[in-house]
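Here are my notebook entries from a friendly first look.

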Amino acid sequence: IEWCHRTGDLSDVEAALAAATGAAAATGDNDPVMAGRLSKVAGALSVRFELAGDPGDLDQSVALQRRAVTILPDESPDNSTMLSNLAAVLALRFQNGGRLADLDDAIDACRGATSSLPPSHPGRPSALHNLSACLTGRGETTGSLADLDEAVSASSSARDLLPAGHAGLAAVASGLGNALLARYEHTGNTADLDHGARVLAGVLA
């Protein structure tokens, strides 16, 4: 699926979707691999949406990601991944449809993905970064200062968890800069503007 997203070849996406759909159809509902296979189908549908623009693909992707989350046991180590996948397609649908309920649900999913990981888990910075991005989007949409405060806090925590030179540091720092600048636009606090500019300059350096 990642390869299809990079190439932008719709025929590759169709082939990946057919393979993923076939694998899911051959899997029983109680099979422990079912959630992952549903998520792959959902991922292929979301890529096809980005290439072809059919909102039905995105709706189906959201429904399948929700089902994948639902059928996983609470103690599954894949919970954070599935919740993050759900948040991603909900955020995509918000960006294209503007329904705030989708962004609310994406934030809930991001919170779940973050809370299911211990503080030392290597996936925690990414989960915090995703949460910050969704909170920033909602803060910009609704004007909620609480959302922007939490977005800055989440991005700051994500950055603090990553060592210098980490491959994900630029994206996390960019998210922090965006959250700070969004909060500046809401409050007019020039300290946020200065901090955000420094953070973003560091990403570009």
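Predicted model: local features only at pLDDT ≥ 70, side-chain atom pairs only at ≥ 80, totals over all residues.

I looked up how H5 and H6 cross, and H5 passes H6 in a left-handed crossing (the near helix is turned anticlockwise from the far one by less than a right angle; clockwise would be right-handed). Helices here are DSSP runs of H or I with at least four residues, numbered from the N terminus.

Residues are numbered from 1 along each chain, and side-chain values use heavy atoms, without hydrogens and water.

Next I checked the axes of H5 (residues 79–97) and H6 (residues 100–115): they come within 8 Å and cross at roughly 160° (lines fitted to C-alpha atoms over the stretch in contact, with angles from 0 to 180 degrees between N-to-C directions). That makes H5 roughly antiparallel to H6, a term for angles over 145 degrees.

Then I listed contacts (heavy atoms within 4.5 Å). Among them, Leu-83, Leu-90 and Phe-94 are on the H5 side, and Leu-103, Ala-106 and Cys-110 are on the H6 side.

I moved on to Asp-31, in the loop between H2 (10–25) and H3. Is Asp-31 buried, partly exposed or exposed? Asp-31 counts as partly exposed because its relative accessibility is 34% (buried is under 20%, exposed over 50%, partly exposed in between, with a 1.4 Å probe and protein chains only). Asp-31 lies 9.7 Å from Ile-71, C-alpha to C-alpha, though 40 residues separate them in sequence.

Last, I noted that Gly-53 follows H3 and has a positive phi, near 80°.

Technical notes. Helix = DSSP H or I, 4+ residues; strand = E, 2+ residues; numbered from the N terminus. Parallel < 35°, antiparallel > 145°, perpendicular 65-115°, else oblique.
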